[in-house]
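Subject: Structure handover

Hi there,

Here is the structure I promised to pass on to you. Have a look at it first, and then read my notes below.

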Amino acid sequence: MTAFVATTATQMQVPTWVWYLTVGLMAAVLLFDVVIIARRPHVPSTKEVSVALAFYIGAAVVFGLGVWWFTHDQAGAKFMTEYYAGWLTEYSLSVDNLFIFLLIMARFGVPEKLQQSALLIGIIIAIVLRGIFIAVGAAAINQFSWVFYIFGAFLIYTAVKLAKEGEGSDDDYEENRFMKLVERRFPATDQYAGAKLFTRLDGRKLATPMFIVIMALGTTDLLFALDSIPAIYGLTKEPYLVLTANLFALMGLRQLYFLIGGLLRKLVYLSLGLAVLLAFIGVKLVLHALHENELPFINGGEHVTAAPDIPISVSLGAIVVILGVTTVASLRKSRRDERERLSPS
């Protein structure tokens with residue numbers, strides 16, 4: 001008996017036990033991480049993070065093949081392609097998220113051996129937030145086809161904002177209003193107490209800098225979830241694929257942080273690349289909304305048949321090309337800038 005069944009409408013029917021198994025395995029992996037890090041806070045070695053990251057990436061690739069294998073019919077290739085497109089998109093957005101994490105760690109002076117704990121809690125928050133957004137997004141899509149107009153417009157707006165930021169990112173973390181409110185409302189000490197969020201000093205219960213860091217990571221995750229969930233729903237409408245693509249993109253994020261922390265600063269065109277990627281998905285969503293249009297003030301409530309529905313294979317190819325060009329162009333510019341800096345004037 002297969003785990004996934006493709007209906008005649010090319011939709012996935014995922015048994016309840018598969019959902020429970022997926023969430024259970026994710027929780028077990030996170031629990032393992034929590035136990036290991038709680039017992040021995042440390043700065044992970046390159047070998048340690050490389051092995052773990054290779055495992056997560058390999059598991060993500062194998063999972064995509066499993067989606068194809070268990071669906072068996074022609075829809076299997078479609079579901080597999082949707083999953084890979086979603087996973088690559090979420091992974092690229094997560095890399096941008098890592099840069100903000102680096103700035104937060106620097107801003108609050110988090111000791112290196114405690115950064116794993118902060119990142120792990122931040123990732124757990126991200127998983128919970130994205131789970132909520134995935135459920136809300138799925139419910140909205142099932143009830144209202146016009147929500148694709150909103151998703152598409154939001155992604156295009158976000159793309160314009162990213163493009164206006166130009167090359168690279170700011171070197172300083174700018175606290176949002178919520179973080180400023182938290183720092184005013186919670187009396188805090190400037191001394192870390194291991195991974196503890198609160199401590200007692202002279203009989204007073206005070207927040208530690210770790211608490212402020214976790215709140216900063218959490219609000220950052222919330223903002224990134226607002227971008228990432230509409231983006232992946234532009235590539236697949238299957239909630240199970242949306243969930244698993246997000247889980248695999250987030251599970252190796254901690255290891256990726258320690259492995260390519262220095263490389264992130266060389267991805268000077270990352271914001272521009274993500275802007276193009278989000279704009280492409282935003283346009284795809286708007287075209288899909290027009291193709292499925294039911295709004296009475298657009299084409300009399302009829303489907304706009306002239307609006308092309310971009311195939312998922314084209315979307316996957318575009319994502320790979322955009323990310324590849326962004327990475328190559330960024331690294332070439334970084335090397336050129338480095339040579340100019342070192343060359344005698």
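To start with the surface, the protein exposes about 17,800 Å², and carbon and sulfur atoms supply 64% of that area. Accessible areas here come from the Shrake-Rupley method with a 1.4 Å probe, and for residues only the protein chains shown count as cover.

Please keep in mind that this is a predicted model: local features need pLDDT of at least 70, side-chain atom pairs count only at pLDDT 80 or more, and totals for chains, interfaces and linings use all residues. Residues are numbered from 1 along each chain as its sequence is written, and side-chain values use heavy atoms, with hydrogens and water left out.

**Overall picture**

The protein has twelve helices and four strands. Helices (H or I, at least four residues) and strands (E, at least two) are DSSP runs, numbered from the N terminus. Of its 345 residues, 48% count as buried; buried means under 20% relative accessible area, exposed means over 50%, and partly exposed is in between (1.4 Å probe, protein chains only). Taking contacts between residues at least 6 apart in sequence, 77% join residues at least 24 apart, where contact means heavy atoms within 4.5 Å.

**E90 and S228**

E90 sits in helix α3, and S228 belongs to helix α7. Are they buried or exposed? E90 is buried, because its relative accessible area is 0%. S228 is buried as well, also with a relative accessible area of 0%. Their side chains are joined by a polar contact of 3.5 Å, and the side chain of E90 makes another polar contact, of 3.0 Å, with the side chain of R130. A polar contact is a pair of N or O atoms within 3.5 Å; within protein, one must be able to donate a hydrogen and the other to accept it, and residues adjacent in sequence count only if both atoms are side-chain atoms.

Leaving aside residues up to four places away in sequence, E90 touches R130, S228, I232, A245, N246 and A249.

A216 counts as buried because its relative accessibility is 0%. A216 and G122 are 94 residues apart in sequence, and their C-alpha atoms are 8.9 Å apart in space.

T22 lies in helix α1 (residues 16–39) and is buried, with a relative accessible area of 14%. Which residues does T22 touch, not counting those up to four places away in sequence? They are Y240, T244 and L247. Between the C-alpha atoms of T22 and L247 there are 9.6 Å, although these residues are 225 apart along the chain.

H303 is in the loop between α11 and α12 (312–342). H303 is partly exposed, as its relative accessible area is 42%. H303 touches L290, H291, E292, N293 and E294, again not counting residues up to four places away in sequence.

**The second largest pocket**

The second largest pocket has a volume of about 600 Å³. Of the 25 residues that line this pocket, K78, F148, T236, K237 and H288 are the closest to its centre. On a 1 Å grid over the protein atoms alone, a pocket is an open set of points where a 1.4 Å probe fits, with protein on both sides within 12 Å along at least five of seven lines; lining residues have an atom within 4 Å of a point. Grid points are joined across faces, edges and corners, and a volume is the space filled by probe spheres set on the points.

Which element gives the largest share of the lining? That is α11, with three residues.

Enjoy exploring the model!

Best wishes
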